Amino acid sequence: MIRSKILGTGSYLPEQKLTNYDLEKLVDTNHEWIVERTGIHSRRIAAEGQNTTDLAYEAAVEALRNANLDAKDIDLILFATVSPDTFMPTAACILQQKLGAGNCAALDVSAACSGFIYGLTVADQFIRTGDMKNILVIGAEIISRFVDYEDRGTCILFGDGAGAVVLGQCPEGEESQILSHDLNADGSLSELLTIPAGASAMPFNQKVLDEKQHYIKMNGREIFKNAVRAMASSSKKSLEKAQVPPEKVDWVIPHQANLRIIETVAKYFGVSMEKVIVEIEEMGNTSSATIPYSFNESIKKGKIKRGDTILFTAFGGGLTSGSILLRY
Ligand code: UT7
């Protein structure tokens, strides 16, 4: 049976920092509150003229280099984002052209902060069937362009960034492979996290802009509760499917939305925080990019090594959730 393996990883954050002290000048908040409630100190904001596919390009180039592959070797680009450059063409098509990836298949994956987990799961299926050899999976966002910097409930959280992995066929006998995954969605709770306008239900007009309906609306407290529940439950299912007990997991990389959510999920599992990758402090919540970004950074820092067993778990608007267990 063909299995898939992570061949290479990459990540990128734009240069401009937005600190908690900067936010103090915009809304009624303070550095201490933000750190205590979220663990975030600063986040990055894309420069004017920089697009989501530009961030993705940087991450993709690094991932291809680490995989020793050329863009032309890619069979499919799966681009997880809720902040694409445009609805049409898709971010995946724009990135294909920027990378010079030939005429490979290209598709956007829309599952909010769980988008990367959804994308990697889809990629795994294509590789398992033998239909494709190398798939580029991206999580990239310029979410700051959908944030109301007068809403202290959301503007303190979000930042821009990108992460990428190249998934390929696992040579026979190799240990490195995706072991299991689990995906979920609960549309009945979709109202808790939305961007109401800008699509067909509420096209742009002056009223939309005046009422700021094109920005993220979030019920933070309810999202918090559901995030913990969903990530814990999905992680459990992935571990059960692969028959791997939690103590055999070397690293957990949870979606980086709030340090308290991460700590609560770790506690639920009885996993020590030393085994949990945390990159939120200087990055904030970059939606679909948090997991691939944190993954690549941990590899670069020498924390994660080949052979380690890793659990990804994510949660986001939709509401969507999912997890992946893999041996790196
Ligand atoms: O990527 C997936 C989607 N997002 C998430 O997973 C985020 C999930 N939610 C959260 O991270 C948290 O709910 C927040 C960080 C957004 C808010 O933290 P909280 O501990 O849930 O705060 P709260 O909404 O319960 O508010 C507590 C108090 C309130 O004051 P009162 O009513 O107790 O007087 C708020 O008005 O804190 C106040 N508050 C703030 N104060 C200073 C809310 N936001 C702020 C702020 N600065 N930015």
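This is a predicted model: local features need pLDDT of at least 70, side-chain atom pairs count only at pLDDT 80 or more; totals for chains, interfaces and linings use all residues.
View 1. Look for Ala-112 in the loop between strand E5 (105–109) and helix H5 (115–128). Its backbone deserves a glance too: phi of Ala-112 is near 50°, a positive value in a residue other than glycine.

**View 2. Lys-212, another non-glycine residue with positive phi.** Here phi is near 55°, and the residue lies in the loop between helix H7 (206–210) and strand E10 (217–218).

**View 3. Thr-81 and its polar partner.** Thr-81 counts as buried because its relative accessibility is 4%. Its side chain makes a polar contact with the side chain of Glu-141, at 3.1 Å.

View 4. The peptide bond from Met-88 to Pro-89 is cis, with omega near 5°.

**View 5. A cis peptide bond between Gly-318 and Leu-319.** For this bond, omega is about -10°. Leu-319 is found in the loop between strand E12 (309–316) and strand E13 (320–327).

View 6. Which residues come closest to the ligand? Of the 22 residues that surround the ligand, the closest are Thr-29, Arg-37, Arg-221, Asn-258 and Asn-285. A polar side-chain atom of Thr-29 lies 2.7 Å from a ligand nitrogen, while a polar side-chain atom of Arg-221 lies 2.6 Å from a ligand oxygen. Gly-220 takes part through its backbone, with an N or O atom 3.1 Å from a nitrogen of the ligand. On its own, the ligand has 950 Å² of accessible area, and the protein covers 75% of this.

**View 7. The shell around the ligand.** The ligand takes up the space of the second largest pocket. Helices H2 (31–38), H6 (152–155), H8 (220–242) and H9 (259–269) each supply at least two residues of the shell, and H8 gives the most, with four. By residue class, the shell divides into 10 nonpolar, seven polar and five charged residues.

Technical notes: Residues are numbered from 1 along each chain as its sequence is written. Side-chain values use heavy atoms; hydrogens and water are left out. A residue is near a molecule or strand if one of its heavy atoms lies within 4 Å of it. A polar contact is a pair of N or O atoms within 3.5 Å; within protein, one must be able to donate a hydrogen and the other to accept it, and residues adjacent in sequence count only if both atoms are side-chain atoms. Accessible areas come from the Shrake-Rupley method with a 1.4 Å probe; for residues, only the protein chains shown count as cover. On a 1 Å grid over the protein atoms alone, a cavity is a set of points where a 1.4 Å probe fits but cannot get out, and a pocket is an open set with protein on both sides within 12 Å along at least five of seven lines; lining residues have an atom within 4 Å of a point. A molecule sits in a cavity or pocket if more than half of its atoms lie within 2 Å of its grid points. Ala, Val, Leu, Ile, Met, Phe, Trp, Tyr, Cys and Pro count as nonpolar, Asp, Glu, Lys and Arg as charged, and the others, Gly among them, as polar. Buried means under 20% relative accessible area, exposed over 50%, partly exposed in between (1.4 Å probe, protein chains only).
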